[in-house]
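Reader: I am new to this structure. Please take me through it in short steps.

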Amino acid sequence: MKSPAVFFDRDGTINPDPGYIRVPEDFTLFEETIPALRLLREHGYLLFVVTNQSGIGRGYFRHEDLAAVHRRMEELLQAGGITLDGIRYCPHHPSEDCGCRKPSPFMIQELARAHGVDLPRSWFVGDTPADVVSGRRAGCRTVRILGEGEDGREPSELPSPADIVVRSILDAARAIVRVDAS
């Protein structure tokens with residue numbers, strides 16, 4: 001039987017987004033990330049990170065640098081008792097004609113195939129319209145985390161709004177658990 005999963009954007013969703021994170025020392029988690037992921041894991045969800053990392057395509061850092069940042073992310077999560085089931089990233093510049101950059105569903109679908117994920121029972125959580133579109137295109141339900149100063153209205157460029165709109169990753173986890181329990 002296929003498993004439900006929650007796919008997360010990285011920057012602005014599970015960690016603060018100060019701009020291009022080039023070195024592991026600059027990576028931190030939101031305070032609510034560990035409790036949110038723990039709640040979801042306790043309810044049987046697989047956990048994945050799906051992220052656009054155009055800093056590679058722009059020449060700001062290398063694949064090796066991103067791997068070190070992701071090792072730091074995994075260390076911080078493991079210190080809180082959380083292990084991710086997978087990470088995928090798109091290294092391309094936005095002007096490149098790649099098939100993996102969100103809002104493409106490619107990275108989500110690739111993880112779903114590799115891990116036996118039931119996409120209609122799964123969720124994509126992110127902080128941008130591209131995250132919502134990517135999740136929808138993959139067949140997931142979607143949660144959008146509002147940034148500071150956003151008033152709660154979805155941007156008009158979305159073909160359809162997120163299923164749930166919240167203020168934090170912990171609010172997202174609680175909402176997912178609540179919806180799936182009903």
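Reader: Which residues are buried in helix 4?

Author: This is a predicted model, where local features need pLDDT of at least 70, side-chain atom pairs count only at pLDDT 80 or more, and totals for chains, interfaces and linings use all residues. Residues are numbered from 1 along each chain as its sequence is written, and side-chain values use heavy atoms, with hydrogens and water left out. Buried means under 20% relative accessible area, exposed over 50%, and partly exposed in between (1.4 Å probe, protein chains only). In helix 4, the buried residues are Pro129, Asp131, Val132, Val133, Ser134, Gly135 and Ala138.

Reader: How many of the residues of helix 4 are buried?

Author: Helices (H or I, at least four residues) and strands (E, at least two) are DSSP runs, numbered from the N terminus. Helix 4 spans residues 129–138 and is mostly covered. The count of buried residues is 7 of its 10.

Reader: What do the buried residues of helix 4 pack against?

Author: Contact means heavy atoms within 4.5 Å. The partners of these buried residues are helix 3 (106–115), strand 4 (123–126) and strand 5 (141–145).

Reader: Which residue follows helix 4, with a positive phi?

Author: The phi of this residue is near 95°. The residue is Gly139.

Reader: What do the buried residues of helix 1 pack against?

Author: Helix 1 covers residues 33–42, and its buried residues are Thr33, Ile34, Ala36, Leu37, Leu39 and Leu40. Gly44 follows helix 1, with a positive phi near 90°. The buried residues of helix 1 pack against strand 1 (5–8), strand 2 (46–52), helix 2 and helix 5 (169–181).

Reader: Is Arg72 buried or partly exposed?

Author: Arg72 sits in helix 2 (residues 63–79). Its relative accessible area is 29%. That value lies in the in-between range, so Arg72 is partly exposed.

Reader: Which residues does Arg72 touch, not counting residues up to four places away in sequence?

Author: Arg72 and Thr28 are 44 residues apart in sequence, yet 8.6 Å apart in space, C-alpha to C-alpha. The residues that Arg72 touches are Pro24 and Phe27.

Reader: How many disulfides does a search of the whole structure find?

Author: A disulfide is a pair of cysteine sulfur atoms within 2.5 Å. The search of the whole structure ends at 0 disulfides.

Reader: How far is Cys90 from the nearest cysteine sulfur?

Author: Cys90 is in no disulfide. It is buried, with a relative accessible area of 0%. The nearest cysteine sulfur is that of Cys100, at 3.4 Å.

Reader: And how far is the nearest cysteine sulfur from Cys140?

Author: Cys140 is in no disulfide either. It is buried, with a relative accessible area of 5%. The sulfur of Cys100 is the nearest, at 17 Å.

Reader: In what order do the elements of the protein chain run?

Author: The chain has 5 helices and 6 strands. From the N terminus on, the order is β-α-β-α-β-α-β-α-β-β-α.

Reader: What is the radius of gyration of the protein chain?

Author: The radius is taken over C-alpha atoms, and the globule rule is 2.2 Å times the number of residues to the power 0.38. With 182 residues, a compact globule would be near 16 Å. The chain agrees with this, at 15 Å.

Reader: What share of the residues in the protein chain is buried?

Author: Residues 24 or more positions apart account for 65% of the contacts with a separation of 6 or more. Among the 182 residues of the chain, the buried share is 49%.
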